[in-house]
Amino acid sequence: MTPEISFMLIKVAIVLTGLLAVVPIMLFVERRGSALIQNRLGPNRMGPFGMFQAACDVLKFIFKEDSTPTHVNKFYYTIAPWLVVIPAFMTFAVIPFAGSLSMDGNHFNFQVANLDVGVLYCFAIASLGVYGIIMAGWASNNKYSLLGSLRSSAQMISYELTLGLSIVGLMMIFQSVRLGDIAAAQGETLFTVAGLNVPKWGIFIQPVGFLLFLISVFAETNRLPFDLPEGESELIAGYHLEYGSMKFALFMMGEFINMSVASALIATLFFGGWQLLPGLAWVVQQVANITQVDVLLVTVLFQGVSFVIKVAFFMWFFVWVRWTLPRFRFDQLMNLGWKVLFPLGLVNLFVTGILIYKGVL
Amino acid sequence: MPKCMIDGKEVEFTAGENLVKVAKRAGVEIPVFCYHPGLSVVAQCRMCYVEVEKMPKLQTACSTMATEGMVVKTNSENVKKGRAGTMEFLLLNHPLDCPICDKAGECDLQDNSYGYGSAYMRGSEERRTYVDVNMGPVIQKNMNRCIHCTRCIRFGDEIAGIHEMVAIKRGNDIDITTIDGKTLQTEYAGNYSDICPTGSLTLKDFRFKKRAWMLKKTTTVCEGCSKGCNMEIQHEGDVIYRCVPLENLDVNRYWMCDEGRFNYQHTQDPTRIIEPKVKAEGGWKTISWEDGILGIKEEIDGQKPTFLVGSDLTQEELTHIKEYIALQHPGATIQHFGTPGLTSTQQDGALDQILRMKSKTSNLNGAEKLGIAPLMNDTIKADTVVVMSAGRAKLPKINAKRVIAVGVYLEGDASQFDMILPGLAFSEKDGTIVNHQGIEQKLKRAVLPRGKCKSLSEVLMLLTNKKARVGANP
Amino acid sequence: MLAQRKPGILNRFYLIEIVRGLWITLRNFLFHEKVTLQFPEQRRDYSPRYRGQHYIKTVNEVENCTACMLCPTVCPAECIHIVAGEREDKEKYPIKFEIDILRCCFCGMCEEACPKDAIKLSNIYEMSQEHREVYTKDFLLEQRGNKK
């Protein structure tokens, strides 16, 4: 086995285990976070701070009876959850979680697949997830499920436009769709104010694009305030109404992994990706001096840490927003998507083009 | 007719009527304790104070006869004060044990205290207490509650005809008791409980069984003898708790004998037969109504059995039986029975000076009017006998091959029978009975039939039908 | 008809309001006092007038109840069943005193009607059972949650 292949396998293992670990962690964060925001305590009985509650939830999901209603289309009903989960995992393949490293003549790229299409691959695969939801809704043979999945497809298609448009400006500036390149390019300094270097992060050069991306990504992941496909008050549970036990858990897993992919994308596109957080460069130098380890190795490690911190913040942001904002109405959602965000994306693109032409960016 | 004014209303009266009666007719209520329309007037409770114009002091309405042009006020300040004072005196020694008193809810003292007394007690002295004597099986005495109205003494003297209750000692130590502490001898002891305005004389039979306000009341007639006393069955659910007499000046006035008062007990006896039964080896076998009806049909169809009907059945039932016999068994003999040694109304008569009659069945007069012959000598000899009675008639000696019984029977009566179909007792059916004076009175259903009992009319109808189709119990 | 309110331009630009909302939730998340009561260990103090599980008050181990039947009379749910009797030391006492607790609506009218201060509703509010419970006299005579 060549070092390339073994390194590749290690990367895949890291990404998979990391994403799988996200699910129970997010379960815990979601439950306790919501509780604390609502001045409650939340589950605090299992283990320290109730951390093992997530494990208990997972065990419950696993050991619950997995019943299939008689009125469903068995085939599509069974594969639908997998069609939600697998694309969610696949999307993460192109996201770089640390800078590249050259040691002993070997070049290590901390990205599962450094594809030329990069971020487009992300959108392509993420769009596949909607098939799972539509299948689930249709196969459930239930009017609420079907309505939920219809809403889901309409919402996904509407917001995918804005999602794509919002980062076109970024691609024009960085002249690449490879996420590795985009992340690397954000290491440059945009300008210096009072001795502080402001990095060339996407948020600083594309603030409107960031806003559009953020809003669209909430819609794409079906999180509040855009969780209309689930809409408890009117659709009971939407497309996963007829699902129970592990099949339902797969939908939940898909949602959380989508969230983490979305967070990773936000971090990579607008917050410098694996670029060290401000101040960490000095820490890296100190650690390297004290431990006598190669600076490059320590840097890569801290790049990974920076990336995880950024992603974690945005995952927390998802939870935070969920327990702050109420759900939109469907017509409001569509109005926002088509009448506000889409034109705004076009204007943003136009302005960015002009600025690039004038040589400002 | 002379007239007088009571509270501004003009009322006509007949000479010799007292103000309580006249006021009642005018719709004005005057509170009383010692006054009872069926007893003599003593005016010793002082509750019935009224103000009569041109009289300097308050007068007791029970002892004041109405006169022409009399102007009476029953609601003036003076009267109210007088009543409240009387109430306070009466309650000086009355214990506050209404929660455990059986009279509570129908108590004159409670009602009048609530209506005319004060809500507060001024006295702080200890109340007097007595050790009570045993008054026999009917009445429970509690002298602590007594207000010395002497209704009981007067009832014994004037109505029951036996001077057994007396007031001994004087003043605060007064004790209303029996002479030498004997038990009550009269056959009318239950009335002591009815007339007592407080809970000092209560029925032992009813003791602590139910509170008075929980009982439902059905007006009906006693079936104990040919007197036909009017009474009220007081029941809750399908359980009778007691019977009390109702006023009917033509029949029983205000009273009732103990025999009639406790006559309801046999209808709730645990040994009463409430399912169709047939004699089998070594005892009785319970059968279904269908089998019972079919069994009887097999025995009597196309034959001429002897019908013995109790003179405790109602006119309707007796008529129905006569029609049935004319239709199904023409020529069969029908005879009524009831009290041993008493075959006609001529022999009937008062057993004592008060209410009780010799005939122990209620409808002897009615049976005679329907032209049913009496059973002589209290014995019968026949091939097949069908006995129908409502449980009150005393069964004659029956000497027959097959004896079929329809009606109310206890297990003890049933030894002469071969088959029994359970019927309705007086408290479970509607009907008409004719008393010894010839007055027709109505029985009313108070409770639902027990067990699988069916009315006699329904049984006869089933016997008439070709097929025995038995519906559910009512 | 619903009053149409035209929001100002700043209000219509939701982001400011959203940020303010996020600040409110963050403040609650970080600083606000948590109101949760850790139930089995911590318990809320109930008012002495709270109407919970019934008991019959006793004085010197003799029940106050004289079986006057006022509580079954007043009970709107008809859940109290009393059979009265007589014994040596007490003229009238309840032989049977049953409360069909599943029918009870905890209105407290029995307590109000009682002339003897016998039937009382305690502060006990944990009454779940694994079967359909009818409280017997023996159970009611245990002085649980005696309010004095």
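Two strands are said to pair if DSSP finds at least two bridges between them. The legends below describe a predicted model.

**View 1. An open sheet of 8 strands in chain B.** Strand S16 (residues 334-337) of chain B is joined by 2 bridges to S17(B), and the two run parallel. Within S17(B), Pro374(B) is the bridge partner of His336(B). Across the whole sheet of chain B, the strands follow the order S14-S13-S20-S19-S18-S15-S16-S17, with mixed pairing. Strand S14 (283-286) and strand S17 (373-374) of chain B form the edges, each pairing on one side only.

**View 2. Domain 1 and domain 2 of chain B.** The domain assignment places domain 1 at 3-91 and domain 2 at 277-464. The centres of these domains of chain B, taken over C-alpha atoms, are separated by 52 Å.

**View 3. The contact between chain C and chain B.** Chain C contributes 11 residues and chain B contributes 6 residues. On the side of chain C that touches chain B, strand S4 (80-87) and strand S5 (90-100) of chain C each supply at least two residues. The largest share of that side, 3 residues, comes from S4(C). By class, this side of chain C has 4 nonpolar, 3 polar and 4 charged residues.

Terms used
Residues are numbered from 1 along each chain as its sequence is written. Chains are lettered from A and ligands numbered from 1 in the order in which they are written. This is a predicted model: local features need pLDDT of at least 70, side-chain atom pairs count only at pLDDT 80 or more; totals for chains, interfaces and linings use all residues. Helices (H or I, at least four residues) and strands (E, at least two) are DSSP runs, numbered from the N terminus. Domain bounds come from an automatic or database domain assignment. Two residues are in contact if their C-beta atoms, placed from the backbone, lie within 7 Å. Ala, Val, Leu, Ile, Met, Phe, Trp, Tyr, Cys and Pro count as nonpolar, Asp, Glu, Lys and Arg as charged, and the others, Gly among them, as polar.
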